[in-house]
Amino acid sequence: MKALVFLASRRKSSPPLPARLGERVCAFLMSQLAGRFEATLIDPLDYPATDTFKPAFSYSDNAKPSHLSGLESLIAQADAYVMVSPEYNHSMSPALSDLLNQFPSSVFSFKPSLIATYSSGQWGGTRAAVGMRPFLSELGCIPVSAMLHFPRADKVFQADGTLAPGQEEGRWASYANRGTEQLHWWAAAAAHQRAVLDPFAASPPFRRAPPERDAPGV
Ligand SMILES: Cc1cc2nc3c(=O)[nH]c(=O)nc-3n(C[C@H](O)[C@H](O)[C@H](O)COP(=O)(O)O)c2cc1C
């Protein structure tokens, strides 16, 4: 099973420190996925934002920027996604939504996702997580019921993503395990079913524009 772990911070600023706290959370989650998934980290800094927004799906195949077509292939080949977002003003990171908005939902769909949020505050990004559910559902990578939240992540994790002294390793592992096990179960089930029945034969992606799916007469 292949999983992509999306790091959702492009922040290079202080305060608040540390910048890109998400690196620690992703490092921890990558260690928790090992053994279950072949996990690859996707860093938004490798996919710089442009002044104007032209999603990868707007290009003809041969004109698509190569870094975006490379990521599109990785997304298409993955079995599952872990979306790791900080909470910015009670919302998911724009770095993540901007990157995901590049791609057609057909490359994500009929696969599961796991929502993981963090913050330096006490709620661990739970308010951002609520908004991530409809977003990921619309992309078609349905979020599993378990969500992972990491409050005060700057105190929980050290810079390399290992737990800070005094943190209970077994409890954090078992907490993360609920999400990663659900993700693995659904990823295996979805991979099996995709092989048995082509999901796009049953539910074709729209070809040109979302209104192709609209109810008749509206
Ligand atoms: C623009 C901005 C908005 C923030 N909004 C929230 C918030 O709504 N809730 C919260 O708990 N923390 C909030 N924070 C604090 C972040 O949780 C903290 O800075 C964290 O390190 C951000 O993740 P990052 O370093 O990976 O970008 C905010 C930080 C920034 C920069």
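Accessible areas here come from the Shrake-Rupley method with a 1.4 Å probe, and for residues only the protein chains shown count as cover. This is a predicted model, where local features need pLDDT of at least 70 and side-chain atom pairs count only at pLDDT 80 or more, while totals for chains, interfaces and linings use all residues. Residues are numbered from 1 along each chain as its sequence is written, and side-chain values use heavy atoms, with hydrogens and water left out.

**Exercise 1.** Work out how much accessible surface the chain has, and what share belongs to carbon and sulfur atoms.

Solution. Start with the total, about 11600 Å². Carbon and sulfur atoms then take 54% of that.

**Exercise 2.** Which residues touch the most other members of the largest nonpolar core?

Solution. Such a core is a set of buried (under 20% relative accessible area, 1.4 Å probe, protein chains only) Ala, Val, Leu, Ile, Met, Phe, Trp, Tyr and Cys residues joined through side-chain atoms within 4.5 Å. Of its 27 residues, the pick is V25, F28, L29, V82, V84, F150 and F157. By element, α1 gives the most, with 5 residues. Now zoom in on F150: beyond its neighbours within four places in sequence, its contacts (heavy atoms within 4.5 Å) include V25, F28, L29, F157 and W172.

Conventions:
Buried < 20%, exposed > 50% of the residue type's maximum accessible area, 1.4 Å probe, protein only. Helix = DSSP H or I, 4+ residues; strand = E, 2+ residues; numbered from the N terminus.
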